[in-house]
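I open this notebook to record what I looked up in one structure. The entries follow in the order in which I made them.

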Amino acid sequence: IVTTPFPFEGKKRARRAREAIEALQETADSVVLIMNRNLLEIIPNNMSLEASFRVADEMLRRGVEGISDMIKSPGLLVVDHLDLRGVLMD
């Protein structure tokens, strides 16, 4: 799971992130990309930076937990990382 820089973090950081993501995609089975800019839409402007990071951390935790739960939990369906990748791509 990878997060991208916020737009205000600059072009240099965005370029480095793109390069790192491309390198990771060449070697990893799956890469889940979280666009930090989307967090700006749900976090109120008046929220402190520290509180904003807590919200972002909680969202990431829930995402990771949900993905791992789907893969490891026994059930009627067998889900592997490729199945999950297809769902997340949509």
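Predicted model: local features only at pLDDT ≥ 70, side-chain atom pairs only at ≥ 80, totals over all residues.

Residues are numbered from 1 along each chain as its sequence is written, and side-chain values use heavy atoms, with hydrogens and water left out.

**Entry 1: the chain**

I looked up the secondary structure, taking helices (H or I, at least four residues) and strands (E, at least two) as DSSP runs numbered from the N terminus. The protein chain has four helices and two strands, and along the sequence they follow the pattern β-α-β-α-α-α. Of the 90 residues in the protein chain, 16% are buried. I then looked up contacts, meaning heavy atoms within 4.5 Å. Among contacts with a separation of 6 or more, 58% join residues 24 or more positions apart.

**Entry 2: helix α3**

I turned to helix α3, which covers residues 49-72. Its 24 residues reach 34 Å from the first C-alpha to the last, close to the 34 Å expected at 1.5 Å a residue; the expected span is 1.5 Å times one less than the number of residues. Which residues are buried in α3? I found Ala51, Ser52, Ala56 and Ile67. I followed up Ser52, which counts as buried because its relative accessibility is 15%. Leaving aside residues up to four places away in sequence, Ser52 touches Ile43 and Met47.

**Entry 3: salt bridges**

I counted a salt bridge where a side-chain nitrogen of Lys or Arg lies within 4 Å of a carboxyl oxygen of Asp or Glu. The count by this rule is six. Side chains of opposite charge can pair when their charged atoms come close.

In helix α1 (residues 11-27), Arg15 and Glu19 lie four residues apart, about one turn of the helix. Their side chains meet in a salt bridge at 3.4 Å, N to O. Arg15 is partly exposed at 36%, and Glu19 is partly exposed at 43%.

In α3, Glu58 and Arg62 are also four residues apart, and the closest N and O atoms of their salt bridge are 3.1 Å apart. Glu58 is partly exposed at 28% relative accessibility, whereas Arg62 is exposed at 56%.

Arg61 and Glu65 lie four residues apart in α3, about one turn of the helix, and their salt bridge has an N to O distance of 3.0 Å. Arg61 counts as partly exposed at 39% relative accessibility, and Glu65 is partly exposed with a relative accessible area of 39%. Salt bridges that share partners join Glu58, Arg61, Arg62 and Glu65 into one network.

**Entry 4: the aromatic pair**

How many aromatic pairs does the structure hold? I found one. Phe6 and Phe8 form this pair, which is stacked at 5.1 Å centre to centre with 5° between the planes. Rings of Phe, Tyr and Trp (its six-membered ring) pair if their centres lie within 6.5 Å; planes under 30 degrees apart count as stacked, over 60 as edge-to-face and the rest as tilted. Phe6 counts as buried at 14% relative accessibility, whereas Phe8 counts as exposed at 61%.

Methods:
Buried < 20%, exposed > 50% of the residue type's maximum accessible area, 1.4 Å probe, protein only.
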